[in-house]
Amino acid sequence: QALRELSDEGGVLGRARRYKRNHEILIAGMRQIGFEEYLRPKDQSDIITSFRYPNHPNFDFDRFYEALNEKDFVIYPGKVNDVDCFRIGTIGRIFESDIDNLLNAIRQTLAEMKAELE
C-alpha cells in the first residue's frame with residue numbers, strides 16, 4: 001500500500017514536492033504570525049523546522065504545547081544550542097490543508113494565551 005501511494009504521488013520526487021510545499025506554507029504562515037525560524041533558510045530542510053520561542057511575556061511553551069495537543073496537533077519540544085525552540089514536522093500524511101489547520105490552531109492558541117505576535 002505504501003509503495004502504491006508513493007507511486008500515485010509521483011514517486012520520491014512527487015512526495016518531495018509535497019514536503020517542500022508543506023514547508024513553504026508553514027514558513028510563510030509562521031512568519032506572518034510572528035515566529036522566527038532557528039536556522040537560516042539555506043540550512044533548513046523541508047521535513048522539520050525549528051522555531052524560536054517568541055519574545056512575549058504571556059508565551060508559555062508548556063501551555064502552548066498542551067493547547068495544541070488538545071486541538072489534535074502535536075509539535076516537538078526541544079532546545080538547540082541553549083536556544084529555546086520547538087519543531088514542527090511537515091512529512092508523512094500531512095497535506096496543505098493540515099498545515100493551514102495547524103496555523104489556525106496556533107493563532108487561536110496564542111489568542112487564548114493573550115500572546116498574539118502579529
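Is Lys 114 buried or exposed? At 58% relative accessibility, Lys 114 counts as exposed, where exposed means over 50% relative accessible area, buried under 20% and partly exposed in between, computed with a 1.4 Å probe on protein chains only.

Before I continue, a word on the basis of this talk. This is a predicted model, in which local features need pLDDT of at least 70 and side-chain atom pairs count only at pLDDT 80 or more, while totals for chains, interfaces and linings use all residues. Residues are numbered from 1 along each chain as its sequence is written, and side-chain values use heavy atoms, with hydrogens and water left out.

Let me stay with Lys 114 for a moment. Lys 114 is found in the segment after helix 4; helices here are DSSP runs of H or I with at least four residues, strands are runs of E with at least two, and both are numbered from the N terminus. The phi of Lys 114 is positive, about 55°, although the residue is not a glycine. Most residues other than glycine have a negative phi. Asp 72 also has a positive phi, of about 70°, and is not a glycine. Asp 72 sits in the loop between helix 3 and strand 2 (76-80). With a relative accessible area of 70%, Asp 72 is exposed.

I turn now to helix 3, which Asp 72 follows. Which residues of helix 3 (residues 61-70) are buried? They are Phe 61, Phe 64, Ala 67 and Leu 68. These four cover an arc of only 130° around the axis, so they lie on the same side of helix 3; the arc is that of the directions from the helix axis to the C-beta atoms. An α-helix has 3.6 residues a turn, so residues three or four places apart point the same way. On the other side of helix 3, Asp 62 and Glu 70 are exposed.

Arg 63 also belongs to helix 3. Its relative accessible area is 43%, and Arg 63 is therefore partly exposed. Apart from neighbours within four places in sequence, Arg 63 is in contact with Glu 112 and Met 113, contact meaning heavy atoms within 4.5 Å. From Arg 63 to Phe 86, 23 residues apart along the chain, the C-alpha separation is 13 Å.

How many aromatic pairs does the structure hold? There are 12 aromatic pairs; rings of Phe, Tyr and Trp (its six-membered ring) pair if their centres lie within 6.5 Å, and planes under 30 degrees apart count as stacked, over 60 as edge-to-face and the rest as tilted. One of these pairs is tilted and joins Phe 51 to Phe 86, at 5.9 Å centre to centre with 35° between the planes. Because Phe 51 lies in strand 1 (residues 48-52) and Phe 86 in strand 3, the pair ties together parts that are 35 residues apart in sequence. Both partners are buried: Phe 51 has a relative accessible area of 1%, and Phe 86 one of 0%.

A second tilted pair joins Phe 61 and Tyr 65, with ring centres 5.8 Å apart and planes at 40°. Phe 61 and Tyr 65 are four residues apart in helix 3, so about one helical turn separates them. Phe 61 counts as buried at 8% relative accessibility, whereas Tyr 65 is partly exposed at 21%. Ring pairs link these residues into a cluster of Phe 35, Phe 51, Tyr 53, Phe 59, Phe 61, Phe 64, Tyr 65 and Phe 86.

Finally, the largest pocket. A pocket is an open set of points on a 1 Å grid over the protein atoms alone, where a 1.4 Å probe fits, with protein on both sides within 12 Å along at least five of seven lines; lining residues have an atom within 4 Å of a point. The volume of the largest pocket is about 180 Å³, that being the space filled by probe spheres set on the points, which are joined across faces, edges and corners. Its lining includes Asp 72, Phe 73, Ile 88 and Leu 102. Helix 4 (96-112) and strand 3 (83-89) each supply at least two lining residues, and the largest share, three residues, comes from helix 4.

Leu 102 lies in helix 4 and, at 6% relative accessibility, counts as buried. Beyond neighbours within four places in sequence, Leu 102 is in contact with Leu 26, Phe 73 and Ile 88.
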